[in-house]
Amino acid sequence: MASRRSYGSYNDGCAAAHALDLIGERWTMIVVRELLLGPKRFSDIQRDVIGIGPTVLTQRLHDLEAGGMVQRRRWPGPGRIDVYELTEWGYRLEAVNTALSRWAVTSPALPREADMSPDTVILAMRAHARPASRGRGERCVALVLTDSRRPDAQPVTYVARMTARATTIERSPDPQRTDAQASATTRDWSACVIGGVPLEELPDVRVSGDEGAVRELIVATSLSGASASPLDVKG
């Protein structure tokens with residue numbers, strides 16, 4: 001199969017056209033998306049990107065390495081485990097992912113009922129994150145998400161920190177002190193923060209600790225929260 005000609009080969013010097021030469025191939029930005037929260041093994045990426053085959057994934061990772069956006073390194077510890085991670089330049093693609101998310105969320109054809117990987121749900125929250133609505137100092141919530149697309153999925157833990165200046169969310173396998181913890185499937189949690197379903201209507205979302213902190217996180221990261229809060233903040 002002949003390789004796709006680059007826009008540059010048509011004497012197009014536009015930087016946006018060059019960006020599409022780098023990341024415009026099918027699956028490329030999806031692979032990047034799954035690396036934005038930290039390194040993963042090849043098998044982890046293939047597990048989280050449902051539908052991509054090993055041959056295509058190998059090619060996309062090769063292209064991203066060749067383009068200077070991804071690097072491969074040996075994971076420290078026993079065994080010979082290679083992981084893929086974004087380079088410093090590659091991590092700057094989160095701004096691109098965020099811009100695409102904010103633009104596409106207004107599409108009438110957005111498949112709001114479709115499911116996502118845990119990292120994808122978190123990236124959606126980060127794309128729409130706002131400062132905490134009340135100035136109470138820093139409040140922390142551990143968020144434990146299980147991929148509802150796979151019956152054998154293991155939970156992934158993140159920590160959200162909310163202040164009057166910003167709301168941040170990072171992957172954190174072993175969180176320290178938090179004000180609360182919320183555990184949910186990706187389907188239920190995305191229904192809450194993306195679909196606007198009230199927490200009370202999602203009985204399988206388990207909350208421990210300060211429920212008000214969890215509600216504040218939902219308000220600070222929900223797609224509907226930019227214009228109107230789907231929930232009243234309690235606590």
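Let me start at R139, which lies in strand β3, residues 139-146. Before going on, the provenance. This is a predicted model, in which local features need pLDDT of at least 70 and side-chain atom pairs count only at pLDDT 80 or more, while totals for chains, interfaces and linings use all residues. Residues are numbered from 1 along each chain as its sequence is written, and side-chain values use heavy atoms, with hydrogens and water left out.

Back to R139. Is R139 buried or exposed? R139 counts as buried, because its relative accessibility is 9%. The cut-offs are under 20% relative accessible area for buried, over 50% for exposed, and partly exposed in between, with a 1.4 Å probe and protein chains only. Setting aside neighbours within four places in sequence, the residues in contact with R139 include A160, M162, D179 and A213. Contact means heavy atoms within 4.5 Å.

Now the sheet. Its 5 strands form an open sheet in the order β5-β4-β3-β6-β7, with mixed pairing. At the edges are β5 (167-171) and β7 (206-209), each pairing on one side only. From one strand to the next, the twist averages 20°. Two strands pair if DSSP finds at least two bridges between them. β3 and β4, the latter being residues 156-162, are antiparallel over 7 bridges, and A142 stands opposite V159 in β4.

Two helices go with this sheet. Helix α8, residues 186-193, packs on the sheet and touches β3 and β6 (180-185), its direction making about 110° with that of β6. Helix α9, residues 211-221, lies across β3, β4, β5, β6 and β7, and runs at about 75° to β3. For the angles, axes are lines fitted to C-alpha atoms, for helices over the stretch in contact, and angles run from 0 to 180 degrees between N-to-C directions.

How do α8 and α9 pack? They pack at an angle of about 65°, with axes 9 Å apart. That makes α8 roughly perpendicular to α9. On the convention used, angles under 35 degrees are roughly parallel, over 145 roughly antiparallel, 65 to 115 roughly perpendicular, and the rest oblique. The contact is made by W189, C192 and V193 of α8 with V214, L217, I218 and T221 of α9.

Both helices are well covered. In α8, 6 of the 8 residues are buried, so the helix is largely enclosed by the rest of the structure. Those buried residues pack against α7, β3, β6 and α9. In α9, 10 of the 11 residues are buried. One of them is T221, with a relative accessible area of 0%. Beyond its sequence neighbours within four places, T221 is in contact with residues including M125, H128, I169 and V193. T221 and Q71 are 150 residues apart in sequence and 31 Å apart in space, C-alpha to C-alpha.

Next, the core. Of the 49 residues in the largest nonpolar core, I45, I122, M125, L145 and W189 touch the most other members. The largest share, 5 residues, comes from helix α7, residues 118-127. A nonpolar core is a set of buried Ala, Val, Leu, Ile, Met, Phe, Trp, Tyr and Cys residues joined through side-chain atoms within 4.5 Å. Not counting residues up to four places away in sequence, I45 touches V31, L35, K40, L57, L61 and Y84.

β1, residues 70-74, and β2 are paired in the antiparallel sense over 5 bridges, and R72 stands opposite Y84 in β2. Strand β2, residues 82-86, has 4 of its 5 residues buried.

Finally, α7 again. The axes of α6, residues 93-104, and α7 come within 9 Å and cross at roughly 80°. That makes α6 roughly perpendicular to α7.
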